Amino acid sequence: MVQGTERTSRNGLDRNKFRNILHNTFGMTDDMIMDRVFRAFDKDNDSYISVTEWVQGLSIFLRGTLDEKIKYCFDVYDLNGDGYISREEMFHMLKNSLLKQPSEEDPDEGVKDLVEITLKKMDYDHDGKLSYADFEKAVQEENLLIEAFGPCLPDMKSILAFERQVFVEVNEL
């Protein structure tokens with residue numbers, strides 16, 4: 001249905017087909033984020049996105065409430081699934097998502113500084129990592145922080161284009 005050439009296997013969308021949809025339909029390019037989005041959709045961890053997982057995931061991805069999107073983004077950013085976004089996870093995600101600037105300064109130092117600034121802004125219990133409660137409170141106070149560690153939600157232009165494409169395809173049935 002999506003991207004005409006993308007077909008599902010007997011078990012659902014595999015990681016590569018799913019990543020192609022994220023890239024071609026929603027303009028996502030960060031490999032790590034796309035893998036994390038796949039894991040967020042693949043609730044049963046069987047390495048396939050079933051029709052049910054696809055519909056449930058798209059519901060949040062495209063039209064979720066702020067609370068649903070906060071939970072989804074937190075799950076994407078919690079790389080090891082321990083319920084926290086650690087300094088190391090922040091560093092890894094921010095390093096991947098920032099543009100590389102040629103300079104004499106060590107680029108990792110700038111990322112480390114950004115991690116510390118982020119912790120000061122979002123770590124309400126001051127334990128050196130972000131719990132779900134920290135992340136939720138920070139995003140509730142400043143919605144732009146929802147994608148603080150990299151784009152894992154589609155922009156409105158991509159959403160509207162996707163919806164138009166689905167509408168056209170449904171009407172052709």
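## Close-up views of charged pairs and cysteines

**View 1. The side chains of Glu 116 and Arg 87 form a salt bridge, with N and O 2.9 Å apart.** A salt bridge is here a side-chain nitrogen of Lys or Arg within 4 Å of a carboxyl oxygen of Asp or Glu. The structure is a predicted model, in which local features need pLDDT of at least 70 and side-chain atom pairs count only at pLDDT 80 or more, while totals for chains, interfaces and linings use all residues. Residues are numbered from 1 along each chain as its sequence is written, and side-chain values use heavy atoms, with hydrogens and water left out. Glu 116 belongs to helix α6 (residues 107–122) and Arg 87 to helix α5 (residues 87–97), so the pair ties together parts that are 29 residues apart in sequence. Helices (H or I, at least four residues) are DSSP runs, numbered from the N terminus. Glu 116 is partly exposed, at 34% relative accessibility, and Arg 87 is partly exposed at 35%. Buried means under 20% relative accessible area, exposed over 50%, and partly exposed in between (1.4 Å probe, protein chains only).

**View 2. Lys 95 and Asp 108 meet through their side chains in a salt bridge of 3.2 Å, N to O.** Lys 95 lies in helix α5 and Asp 108 in helix α6, so this pair joins parts that are 13 residues apart in sequence. Lys 95 has a relative accessible area of 33% and is partly exposed; Asp 108, at 22%, is partly exposed.

**View 3. Arg 15 and Asp 35 form a salt bridge in which the closest N and O atoms are 3.5 Å apart.** Arg 15 is part of helix α1 (residues 15–26) and Asp 35 is part of helix α2 (residues 31–41), so the contact ties together parts that are 20 residues apart in sequence. Arg 15 is partly exposed at 29% relative accessibility, and Asp 35 is partly exposed at 25%. A network of salt bridges links Arg 15, Arg 19, Asp 31 and Asp 35. In the whole structure, the search finds eight salt bridges.

**View 4. Cys 73 is in no disulfide, and its nearest cysteine sulfur, that of Cys 152, is 3.4 Å away.** A disulfide is a pair of cysteine sulfur atoms within 2.5 Å. The sulfur of Cys 152 has that of Cys 73 as its closest cysteine sulfur, at 3.4 Å, which is too far for a bond. Cys 73 is buried, with a relative accessible area of 0%, and Cys 152 is buried at 0% relative accessibility. The count of disulfides is zero.

Key: Helix = DSSP H or I, 4+ residues; strand = E, 2+ residues; numbered from the N terminus.
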